[in-house]
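Biologist: I am new to this structure. Please take me through the terms, one by one.

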Amino acid sequence: MAEAEPQEENCENSIEMMEKCNKDLETLLEEMEKITVRAAWMTYGIVTIHTNPDLASSMKHLEDAFLRCKEQVGRKWQEVLKE
């Protein structure tokens, strides 16, 4: 009977290791799915910009406006803190 216990422990260890491996694989698969979705959106964005060059200039204009606004808000916030 003493010999049966180590075999059972080995079997349980193997099952635990397989379950952990399955969880790790599921996690990796989820991460790959997220990366794939991001890559698809990036590709879509690139195709959109190349298809419509005006979009790139509009996006640049929006980015510049955002940065100016962010700078103004930062200045106003510093003034409020000084008061």
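Modeller: Let us begin with a definition. A salt bridge is a side-chain nitrogen of Lys or Arg within 4 Å of a carboxyl oxygen of Asp or Glu. Now the ground rules. This is a predicted model, where local features need pLDDT of at least 70, side-chain atom pairs count only at pLDDT 80 or more, and totals for chains, interfaces and linings use all residues. Residues are numbered from 1 along each chain as its sequence is written, and side-chain values use heavy atoms, leaving out hydrogens and water.

Biologist: What makes K20 and D24 a salt bridge?

Modeller: Their side chains come to 3.3 Å, N to O. The limit is within 4 Å, so the pair qualifies.

Biologist: Why can such side chains pair?

Modeller: Side chains of opposite charge can pair when their charged atoms come close.

Biologist: How far apart are K20 and D24 along helix α1?

Modeller: They are 4 residues apart, so about one helical turn separates them. A helix here is a DSSP run of H or I, at least four residues, numbered from the N terminus.

Biologist: Why is K20 called exposed, and D24 partly exposed?

Modeller: Exposed means over 50% relative accessible area, buried under 20%, and partly exposed in between (1.4 Å probe, protein chains only). K20 has 53%, so it is exposed. D24 has 38%, so it is partly exposed.

Biologist: How many salt bridges does the structure hold?

Modeller: It holds 4. One of them joins E31 and K34 at 3.6 Å, N to O. These two are 3 residues apart in helix α1, about one helical turn. E31 is at 37% and K34 at 46%, so both count as partly exposed.

Biologist: How do you know that D64 and K60 form a salt bridge?

Modeller: Their closest N and O atoms are 3.4 Å apart. That is within 4 Å, so the term applies. Both lie in helix α2 (residues 53-82), 4 residues apart, about one turn of the helix. D64 has 28% relative accessibility and K60 has 46%. Both count as partly exposed.

Biologist: What makes the negative surface patch?

Modeller: E5, E8, E9, E12, E16 and E19 form it. Patch residues have over 30% relative accessible area and no salt bridge; like charges are joined within 9 Å, and nonpolar side chains (Val, Leu, Ile, Met, Phe, Trp, Tyr) within 5 Å. Asp and Glu count as negative. E8 lies in helix α1 (residues 4-51).

Biologist: Which residues make the nonpolar surface patch?

Modeller: V37, W41 and Y44 make it, with about 390 Å². W41 is found in helix α1. Its 59% is over 50%, so W41 is exposed.

Biologist: Where does UniProt place the "coiled-coil region"?

Modeller: The unreviewed entry puts it at residues 11-38. Such annotations may be inferred rather than shown by experiment. In the model, that span is 100% helix and 0% strand. Its end C-alpha atoms lie 41 Å apart.

How values were computed:
Accessible areas come from the Shrake-Rupley method with a 1.4 Å probe; for residues, only the protein chains shown count as cover. The place of a charge is taken as NZ of Lys, CZ of Arg, CG of Asp or CD of Glu.
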